Structure formats: structure tokens, C-alpha cells
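Dear colleague,

Here is the structure you were expecting, with the sequence alongside. Please open it before reading on, as my notes follow below.

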Amino acid sequence: MRAVVQRVSEARVRVDSEVVGEIRAGLLVFLGIGREDAEKDVDFLAEKISNLRIFADEAQKMNLSLLDAGGAMLVVSQFTLHGDCRKGRRPAFIAAAPPGQAEPLYERFIAHAEKLGLRVAAGRFGAMMEVELVNDGPVTMLLDSKGAF
């Protein structure tokens, strides 16, 4: 499972011109679910992201987590995070989980983050979405549940 995590001052996602998820300060999480991913990957990344110390403390050091800072999380499914661009010019998505496998894991990620006490908003799985964000910092992190990076 892969995630691109961006610290934001605000973010929103639209489907067919309708805002379906919106947050103020917090984290925008683009979540890519792979064929080899399981519930343990979901739980690992939800915990890791929620506790990632990338928010400033009173000394302006990145020492606070999303949980500490009291921010929210916006989760957007993005199968293209498993795109393989090593050969040719057209990405291959063979490593991305099919929708029937990915959607329950995406929903589990959201539920796990909520269970940790976070306010969570989400995009619509499988929909064509427009995402707006104001990256705070900018701070952008790449995470992989298998330790690829």
C-alpha cells in the first residue's frame, strides 16, 4: 500500500462539481492499494500516518503528529500510485488492486483513522475527482507499507 501524504492548510475533493470531502488544517492522503495488500497494510499505514510527526510544535520543530495537532484527514483513493513507468511511455497498472479488492481496504483505512480519533473526510472511491489543496510548508511524504521507500 502506498500513500502520498501532504500537510495542508485546506483541501477539498469534488465529484461532478459537488464537494464530497473537505478539511481545514491537516493531512491530504492519496492512497494507492496494491494487489498484494491486506488488512495489516491498512492498519500499519493508518497508524503510521496518524502518528507521523510532521506538524510544528511551539519551537517550530516538526514534533507533533496529526493526532497531537488536532487536525483532520482527507483520504483520496489513487490507484495510479501503483503505476509502473519503467518501460515505454504508457504506465502499467498491473500492481494496482482491482476495485473489488481495493474498495474494502480503502474503507477500512478510513474507519481505522476514525477509530484513532481523527476527523476524516474522503473522496468517492472509483470516481473521477478534482482535488484542491494548499500545501502547508510544503510538506509532502511518500510512504509504502512494504518499505519500498
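I begin with phenylalanine 44, which lies in helix H1 (helices, H or I of at least four residues, and strands, E of at least two, are DSSP runs numbered from the N terminus). With a relative accessible area of 42%, phenylalanine 44 is partly exposed, where buried means under 20%, exposed over 50% and partly exposed in between, using a 1.4 Å probe and protein chains only. Leaving aside residues up to four places away in sequence, phenylalanine 44 touches Asp144 and Ser145, a contact being heavy atoms within 4.5 Å. The C-alpha atoms of phenylalanine 44 and methionine 1 are separated by 9.6 Å, although these residues are 43 apart along the chain.

Before going further, please note that this is a predicted model, in which local features need pLDDT of at least 70 and side-chain atom pairs count only at pLDDT 80 or more, while totals for chains, interfaces and linings use all residues. Residues are numbered from 1 along each chain as its sequence is written, and side-chain values use heavy atoms, with hydrogens and water left out.

On the interior, a nonpolar core is a set of buried Ala, Val, Leu, Ile, Met, Phe, Trp, Tyr and Cys residues joined through side-chain atoms within 4.5 Å. The largest such core has 29 residues, of which Leu31, Ile49, Met73 and Phe109 touch the most other members. Among the elements that give two or more residues to this core are strand E1 (2–15), helix H1 (39–51) and strand E8 (130–144), but the largest share, 6 residues, comes from H3. Methionine 73 touches, among others, Ile23, Ile49, Phe109 and Val120, again not counting residues up to four places away in sequence. A second, separate core of 14 residues includes Val13, Leu74, Ala121 and Met129.

There are 2 aromatic pairs, counted where rings of Phe, Tyr and Trp (its six-membered ring) have centres within 6.5 Å, with planes under 30 degrees apart called stacked, over 60 edge-to-face and the rest tilted. The rings of phenylalanine 79 and phenylalanine 93 have their centres 5.1 Å apart and their planes at 65°, so this pair is edge-to-face. Both phenylalanine 79 and phenylalanine 93 lie in the loop between E6 and H3, so the pair ties together parts that are 14 residues apart in sequence. For tyrosine 106 and phenylalanine 125, the ring centres are 5.6 Å apart and the planes stand at 45°, so the pair is tilted. This pair links distant parts of the chain, with tyrosine 106 in helix H3 and phenylalanine 125 in the loop between E7 and E8. Tyrosine 106 counts as buried at 1% relative accessibility, whereas phenylalanine 125 is partly exposed at 22%.

Lastly, some backbone details. A cis peptide bond, with omega about 0°, joins glycine 137 and proline 138, and proline 138 is found in strand E8. Aspartate 16, in the loop between E1 and strand E2 (18–23), has a positive phi near 50° although it is a residue other than glycine, and aspartate 16 is exposed, with a relative accessible area of 74%. Glutamine 60, placed in the loop between strand E4 (55–56) and strand E5 (62–64), likewise has a positive phi, near 65°, and glutamine 60 is exposed at 64% relative accessible area.

With best wishes
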